[in-house]
Amino acid sequence: MNKLKLIAAIALGIAWLPSVALQLPKVDDEAADTNAAREAYFEMRRVNPYDSSFDAAAARLAAYNKFRSDLKAEGANPVLMAQLAAQYHSEVWQPIGPAPIFGGQTPTNATASSRSAVSGRTNAIAIDAIDGAVYIGGAQGGVWKSTNHGYSWIPLSDTLASLAIGSITIAPGSHPLNQATIYVGTGEGNFSGDTYAGAGIYKSTDSGSTWQGPLGTAQFASRSVAAIAVDSANTQIVLAGSTTGYAGVSGVFPAGPQRGLYRSTDGGNTWARVLPTTTATLRISRIVQDPNPSLQTAGSTRYWAATSPVLNTDGALYESNDSGATWTQVDGVASGLPAVSPGGALIRTWITATYDAGVGNTVLYYGTSQANGTLYKSVDGGTTWTQLTAATGYCQGQCFYDMPVYVEPGNSNNVYTGGAGTSGSLPSSFMLSTNGGTSFADEMVAVDGNSALHADIHDITTWPGSPNEVWVANDGGTFYSTDRGQHWVNVNTNQQLTQFQICDLHPTDPNQAYGGTQDNGTDSFLGNIQYLPGATAWSHSDDGDGGFALIDKANPSNVTHTYFNQPNNIIGAALAINGPASHPADYGYFAGEIPGYITSGMNPADNVLFYAPMALDHSNPTTLYFGTANLYIANDYFNQTVTQENALTGNPPYTVNIFSPLAAGTNFGAATPPLTAIGVISAIETVPNVLPNTNATTIFVGTSNGNVWRSTNSGATFTSVDGTIGEYVSQIAVYPRNPQIVAQARAGFTGGLPANNVRISTDGGATWTTKSNGLPDIPVNSLVWDPVFPGQLWAGTDIGVYLSTDEGNTWHPYNNGMPNVAVFSLTGNRNTHTVLACTHGRGAFRLNLDAIFIDGFDGN
């Protein structure tokens, strides 16, 4: 009997599980320490390790500008264009979804019937009733528009300098058809580990067909614009609030502009900071114009601003009575609303308001992240406040990431809250009160059980003029209900917004792939399933966060993936034996360490990356290598795990013999002087043996602090072969046609050119040379040798894809058909003549190459 049936599902805090023999522990991937580990993983790949004050977001913008200028210059070079056309026949990156992911993890008490289709993290919604248009903003997916109530969508911003969207606002008032004025704040404001900062504000005066900007770069570049409001009495007055992005609350670029609330009186062309008025900085999370008609006159419009203070001297809620020119603190001043005292810890707040004719005044709801979500209410325009105890805990310890509150226009009794949390109990991830906050009901799952929301709610709004129709943005995409949450419609049709980590290709079928994603599990491309014309759906394979995902090249029925990894919590990988078509119930096996439940031969206290690297041996794909502070090997990985765990009896803890350490005692993470940071293994690569089905003799590992190690005796011992550069080693790729040529990708910033983001060895890894001519100073996340054309190397960077046609000596941008988005994973396959690019916010893209030259490529 398989006593570890679905042990993998513990990694996500989801309760949707088949009947199992064990009461499995819940491993919380949203706990504070886990989020810190997630943030550290993201951040360490996007810093300059030699300069703690380096402005990474500004460097990314400079890299983007170089990317665009290089594209323009090379487009005017007929010789180069002729060369690329002759080889690639103008091959275009083809989007292959997920659009959407069928059977998504919605929600924690989901059943098979309530699991809804999902897309990816969506942060903002704006609705224009005149055009009948809905606009949404993705975490790194840009702005999308639907004019048929979410049945289909079109991307509007794929070539803008930032696809990280923090806010979308439509200027109030009437406008001619398709001539709405829209402001888009770039940079995500959710304080998560993978929150990218933006480039400023973009403006459209034709309903998103064209864009001006970025505007306000001096004030907003390198920050995230989480809130924008346009004055209804004078639409030339625009307020915008900036906060921290890229990466999360730690703020890795102190040289960025001062955060705060900025005001423009000329439609966004120029800006002045109006809050705070001192040199202090203040994060802004929400700006709301008071909907009381008597308070909406030119020059004296009332506004409310909710902030994310850090210091006790910072206010958390502010009010303006002169159209945003000056501001006064409300918390700690108004009756019943205590001052927020963060004491150096981040506190996030949220404000929403409606004018209630029955009350005869503005009714406001104000949420803070204290006590995991505290909600206050004012029925007299903000003069006095009352705490609503029924909502306490509504954002469930993750308020820094998701905590919206929304009151229904015109009816102050109906108020919604969003957060992380759970479903099926209170407080839940999405709640509705119909009695002004006296009590709340869970509205995550439809009353008929046939549809449900994804967790992690980021924005809530209603269709103008139809207050019963509520729209929600969350980590799974976009949903709406026409009956205040009694039933849900997912509109994640052709939105391609998934945030991938690592992907893999099927060894022989060009229409199968497998990849781990942020908060949307591990998912599978199973053929050209057209949900809508041009929209390719994927299947949800397993729940939770997905990290590395691998397909056994010898037997593609075997698949394995990581969730997240954390010392003394969970280290290891889940596996299934039904191939990429596996579903959550198929992941009945887990190889790794869960203290008190299972040990598999690794040290559960090892330092480890949040998404730990693992690799299958190129010569013997039944052998798996797993990296922590140590390197482990699992021979006959799939068979041994299945066989041993099927034989388990009794109660936990269980012991299985899966992993063994290689080169025990090797200090892989030794500091690279003059740096002192200690690293862990971040990349693993093997050199194929001439004799198949034997473990590699030569093994490479890279570390998060810049070391590259090589073993020439199957891992018995390792020698440091490149330890002079401190940037994170994101991938090592051996050239299949000549294993003496080895490439490594570095994720980080150098602070100048040439960058150290690609290094090449031509002597089997003994010596290395930087090969980044043509690359900007930008993290390179992944490398893959072209499976068809010799000597050609692809690089996935934080701004898109580059191509070298001369073994890395020179580089050229190759985003033909791909948006300006971070590419986290590249993989190629000789048998299918395919290169797959998995992005962190715009799903997956594929190149289908003409096979005019094939020699010695093993499909990995």
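Tutor: Start with a pair of strands: β4 and strand β5 (residues 142-146) are antiparallel and share 5 bridges. Two strands count as paired if DSSP finds at least two bridges between them. Helices (H or I, at least four residues) and strands (E, at least two) are DSSP runs, numbered from the N terminus. This is a predicted model, in which local features need pLDDT of at least 70, side-chain atom pairs count only at pLDDT 80 or more, and totals for chains, interfaces and linings use all residues. Residues are numbered from 1 along each chain as its sequence is written, and side-chain values use heavy atoms, with hydrogens and water left out.

Student: In β5, which residue is the bridge partner of Gly-137?

Tutor: Strands of a sheet pair through backbone hydrogen bonds, either parallel or antiparallel. Here the partner of Gly-137 is Val-143. The hairpin of β4 and β5 has 3 residues between the strands.

Student: What joins strand β3 to β4?

Tutor: Strand β3 (residues 122-128) runs antiparallel to β4, with 6 bridges between them. Ala-124 has Gly-137 as its bridge partner in β4. The hairpin of β3 and β4 has 4 residues between the strands, and Gly-132 there has a positive phi near 65°.

Student: How many residues of strand β4 are buried?

Tutor: Buried means under 20% relative accessible area, exposed means over 50%, and partly exposed lies in between (1.4 Å probe, protein chains only). In β4 (residues 133-138), 6 of the 6 residues are buried. Ala-133, Tyr-135 and Gly-137 are on one side, Val-134, Ile-136 and Gly-138 on the other, and both faces are covered.

Student: Why is strand β60 described as largely enclosed?

Tutor: Strand β60 (residues 834-839) is largely enclosed by the rest of the structure because 6 of its 6 residues are buried. Thr-834, Leu-836 and Cys-838 point one way, while Val-835, Ala-837 and Thr-839 point the other way.

Student: Which strands pair with β60?

Tutor: Strand β59 (residues 823-829) is antiparallel to β60, with 6 bridges, and Gly-828 has Val-835 as its bridge partner. Strand β61 (residues 844-848) is also antiparallel to β60, over 5 bridges, with Leu-836 opposite Arg-846. In the hairpin of β59 and β60, His-833 takes a positive phi near 55°. In the hairpin of β60 and β61, Gly-841 takes a positive phi near 145°.

Student: What is the strand order in the open sheet of 5 strands?

Tutor: The order is β2-β36-β33-β32-β31, and the pairing is mixed. Its edge strands, β2 (101-102) and β31 (500-505), each pair on one side only. Between β31 and strand β32 (residues 513-517) there are 4 bridges, and the two run antiparallel. Phe-500 is opposite Thr-517.

Student: How many Å should helix α2 span?

Tutor: The expected span of a helix is 1.5 Å times one less than its number of residues. Helix α2 (residues 56-75) has 20 residues and should span 28 Å, which agrees with the 28 Å between its end C-alpha atoms. Its buried residues include Leu-61, Tyr-64 and Phe-67.

Student: Is Tyr-531 buried or partly exposed?

Tutor: Tyr-531 counts as partly exposed because its relative accessibility is 32%. Tyr-531 belongs to strand β34 (residues 530-532).
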